[in-house]
Amino acid sequence: MKKLINREDTAGYIFTLPFTLGFLFFMVVPMGISLYYSFCNYDILSAPTFVGLANYKQMLTDGTFWQTVKVTFFFAFVSVPLKLVFALIVAMLLLKNSKVSGIYRAVYYLPSIIGGSVAVAILWKRMFAMDGVLNKILQAVGINCTISWLGDTKTAIWILILLAVWQFGSSMLIFLSSLKQIPTSLYEAAMVDGATGPERFFKITLPLLTPTIFFNLVMQMINGFLAFTQCYIITQGKPMNSTLLYTVYMYQQSFEFYHTGYGAALAWVMLLLIGLFTLLLFATKRFWVYEGDQ
């Protein structure tokens, strides 16, 4: 019996070894090196020099750093709620099964697959250029529009937010799956009691969806803080750093300006911000997430 158990344990270790080694060498070790570099003056081309907390102190007086924090928080706090609301609306529309419902679900999910690609970012950039599709459409309907959507500090960030909201497919599918788990008997009982459609939504659907809303909120907020492609390809942070997201600034410092030590410090500060915000969401979970009769 012991031999059989030992064989099973050995087989388990062997099968998990590729993942374990990959996690150690491609996650843990690079994170450790990055943490060390965050305390160093390092430019990739020369050996790192330990400088203690100098990189972290530099952030306190770095105006661009605070600008990227402001832009990133605005981007995440606006795009994520809009994305979740839109995803929930579409999920409720697709709740009823039909012959073409599967096609509609695939079509709505497609932006989540291709939305973060470089090709879509380039297409989005051309759509909102001064001579792009949007201005052409407005001119075709009689509106003489020559707005530089990506060149105006008031509109450029909203173009990136619009692209992020367009990638609502993954959240929509999760909402759709949760909506199907709500017992129809609850709606039937509410209808017998004379509850209207809005009342059924706010008193049955929404409370029972709060665990799913919480999950989507956490995941999408993390993705919002780590957004990169939209900014780097479409605006590069322009105009006047009004769209400069944190990750793009971190990339610029690390690989364009060769301030790799400072870039590593920026990465660890972002990790800390994401961790703190996630803890905050979990701390407020008990006030608004329905978890049954606990």
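**Helix packing, burial and backbone**

Modeller: Helices H3 and H7 lie oblique to each other. This is a predicted model, in which local features need pLDDT of at least 70, side-chain atom pairs count only at pLDDT 80 or more, and totals for chains, interfaces and linings use all residues. Residues are numbered from 1 along each chain as its sequence is written, and side-chain values use heavy atoms, with hydrogens and water left out.

Colleague: Why are H3 and H7 called oblique?

Modeller: Their axes come within 9 Å and cross at roughly 40 degrees. Axes are lines fitted to C-alpha atoms, for helices over the stretch in contact, with angles from 0 to 180 degrees between N-to-C directions. Under 35 degrees counts as roughly parallel, over 145 as roughly antiparallel, 65 to 115 as roughly perpendicular, and the rest as oblique. H3 and H7 are therefore oblique. The helices themselves are DSSP runs (H or I, at least four residues; strands are E, at least two), numbered from the N terminus.

Colleague: What is the handedness of the crossing where H3 passes H7, and which residues make the contact?

Modeller: H3 passes H7 in a right-handed crossing; the term applies if the near helix is turned clockwise from the far one by less than a right angle, and left-handed if anticlockwise. H3 contributes Val71, Phe74, Phe75, Val78, Ser79, Leu82 and Lys83, while H7 contributes Ile157, Trp158, Leu160, Ile161, Ala164 and Val165. Contact means heavy atoms within 4.5 Å. By class, the contact has 11 nonpolar, 1 polar and 1 charged residues. Here Ala, Val, Leu, Ile, Met, Phe, Trp, Tyr, Cys and Pro count as nonpolar, Asp, Glu, Lys and Arg as charged, and the others, Gly among them, as polar.

Colleague: What makes H3 oblique to H8?

Modeller: H3 and H8 pack at an angle of about 50 degrees, with their axes 8 Å apart. That angle makes H3 oblique to H8. The contact is made by Lys83, Leu84, Ala87, Leu88, Val90, Ala91 and Met92 of H3 and by Ser171, Met172, Phe175, Leu176 and Leu179 of H8. The residues divide into 10 nonpolar, 1 polar and 1 charged, and the crossing is right-handed.

Colleague: How many residues are in the largest nonpolar core?

Modeller: The largest nonpolar core has 63 residues, and those with the most contacts inside it are Phe65, Phe75 and Leu266. Helices H3, H5, H7, H8, H10, H11, H12 and H13 each supply at least two residues, and H3 gives the most, with 12 residues. Such a core is a set of buried Ala, Val, Leu, Ile, Met, Phe, Trp, Tyr and Cys residues joined through side-chain atoms within 4.5 Å.

Colleague: Which residues does Phe75 contact, leaving aside its neighbours within four places in sequence?

Modeller: Phe75 is in contact with Val80, Ile157, Leu160, Ile161, Ala164, Gly224, Ala227, Gln230 and Leu245.

Colleague: Is Asn216 buried or exposed, and how do you know?

Modeller: Buried means under 20% relative accessible area, exposed over 50%, and partly exposed in between (1.4 Å probe, protein chains only). Asn216 has 2% relative accessibility, so it counts as buried. Asn216 sits in helix H10 and touches Leu84, Ser171, Ile174 and Phe175, not counting residues up to four places away in sequence.

Colleague: Why is H12 called largely enclosed?

Modeller: 8 of the 11 residues of H12 are buried, so the helix is largely enclosed by the rest of the structure. Those buried are Tyr246, Thr247, Val248, Tyr249, Met250, Gln252, Gln253 and Ser254. Their cover includes H3, H10, H11 and H13.

Colleague: Where is Gln236, and what is its phi?

Modeller: Gln236 is found in the loop between H11 and H12. Its phi is near 55 degrees, a positive value in a residue other than glycine. With a relative accessible area of 32%, Gln236 is partly exposed. Met240, in the loop between H11 and H12, also has a positive phi, of about 55 degrees, although it is not a glycine. Its relative accessible area is 73%, so Met240 is exposed. Pro239 lies in the loop between H11 and H12, and a cis peptide bond joins Lys238 to Pro239, with omega about -5 degrees.

Colleague: What makes Leu134 partly exposed?

Modeller: Its relative accessible area is 28%, so Leu134 is partly exposed. Leu134 is in helix H6 and contacts Met127, Phe128 and Trp149, leaving aside its neighbours within four places in sequence.
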